[in-house]
Amino acid sequence: MFNLAAVRKIKWPVTVNIPQDGGKVLSVEFDAEFEILDTDEHDELVQSGGDLLKRVLLGWDRMMNEAGDAPVEFGPDTKAKALKITYVRAALTLAYYEAAHGNKAKRKNSN
């Protein structure tokens with residue numbers, strides 16, 4: 001049975017491809033919490049030039065610092081810093097639209 005929810009919040013895997021020397025990438029994964037907007041709110045935000053990710057990104061888990069030895073806590077400053085990194089924005093945008101459209105998540109090492 002489908003239940004119609006007024007606000008849909010979801011945790012979704014995000015795969016970030018970090019550019020490396022020599023044309024290689026390092027793929028790392030974390031989980032983001034998104035609020036899935038209804039069509040009207042999404043369209044109004046995008047058409048007005050608003051920042052979709054700033055609006056829908058509510059939190060994250062398994063986000064690590066650059067050295068990989070400590071978690072990065074979610075907060076206004078760390079969110080703003082992450083959203084300024086092009087390849088992180090690209091990964092978050094892809095993950096949000098996968099979740100919003102009900103596409104199955106593409107996890108590393110999954111069958």
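These questions and answers walk through a predicted model of one protein.

Visitor: Which pattern does the protein follow along the sequence?
Guide: The model is predicted. The protein has 4 helices and 3 strands. Read in sequence order, the pattern is β-β-α-α-β-α-α.

Visitor: What share of the residues is buried?
Guide: Buried here means under 20% relative accessible area. The protein has 111 residues. The buried share is 30%.

Visitor: How much of the accessible surface belongs to carbon and sulfur atoms?
Guide: The accessible surface of the protein is about 7900 Å². Carbon and sulfur atoms account for 52%.

Visitor: What part of the contacts with a separation of 6 or more joins residues 24 or more positions apart?
Guide: A contact needs heavy atoms within 4.5 Å. Among contacts with a separation of 6 or more, the part from residues 24 or more positions apart is 53%.

Visitor: Which residues lie nearest the centre of the largest pocket?
Guide: About 620 Å³ of space lies in that pocket. Its lining counts 20 residues. Nearest the centre are Met-63, Met-64, Asn-65, Glu-66 and Ile-85.

Visitor: Which elements give two or more residues to the lining of the largest pocket?
Guide: Both strands and helices are on the list. The strands are β1 (8-20) and β2 (24-36). The helices are α3 (76-83) and α4 (86-100).

Visitor: How many residues in the lining of the largest pocket are nonpolar?
Guide: Sort the lining by class. It has 3 polar and 4 charged residues. The nonpolar count is 13.

Visitor: Within what arc do the buried residues of α3 fall?
Guide: Lys-79, Ala-82 and Leu-83 are buried in α3. Seen down the axis, these residues line one face of the helix, because they fall within an arc of 95°.

Visitor: Which exposed residues does α3 carry on the face turned away from its buried side?
Guide: Exposed means over 50% relative accessible area. On the face of α3 turned away from the buried side, the exposed residues are Asp-77 and Lys-81.

Visitor: Against which elements do the buried residues of α3 pack?
Guide: The partners include a strand, β3 (57-61). Two helices join it in the list: α2 (52-56) and α4.

Visitor: Is Ala-99 buried or exposed?
Guide: Ala-99 sits in helix α4. Leaving out residues up to four places away in sequence, Ala-99 touches Ile-10, Trp-12 and Ile-36. Its relative accessible area is 11%, and the cut-off is under 20%, so Ala-99 is buried.

Visitor: What separates the C-alpha atoms of Ala-99 and Phe-34?
Guide: Along the chain, Ala-99 and Phe-34 are 65 residues apart.

Visitor: What is the phi of Arg-62?
Guide: Arg-62 is placed in the loop between β3 and α3. Arg-62 counts as partly exposed, at 45% relative accessibility. Although Arg-62 is not a glycine, its phi is positive, about 65°.

Notes
Residues are numbered from 1 along each chain as its sequence is written. This is a predicted model: local features need pLDDT of at least 70, side-chain atom pairs count only at pLDDT 80 or more; totals for chains, interfaces and linings use all residues. Side-chain values use heavy atoms; hydrogens and water are left out. On a 1 Å grid over the protein atoms alone, a cavity is a set of points where a 1.4 Å probe fits but cannot get out, and a pocket is an open set with protein on both sides within 12 Å along at least five of seven lines; lining residues have an atom within 4 Å of a point. Grid points are joined across faces, edges and corners, and a volume is the space filled by probe spheres set on the points. Ala, Val, Leu, Ile, Met, Phe, Trp, Tyr, Cys and Pro count as nonpolar, Asp, Glu, Lys and Arg as charged, and the others, Gly among them, as polar. Buried means under 20% relative accessible area, exposed over 50%, partly exposed in between (1.4 Å probe, protein chains only). The arc is that of the directions from the helix axis to the C-beta atoms. Accessible areas come from the Shrake-Rupley method with a 1.4 Å probe; for residues, only the protein chains shown count as cover.
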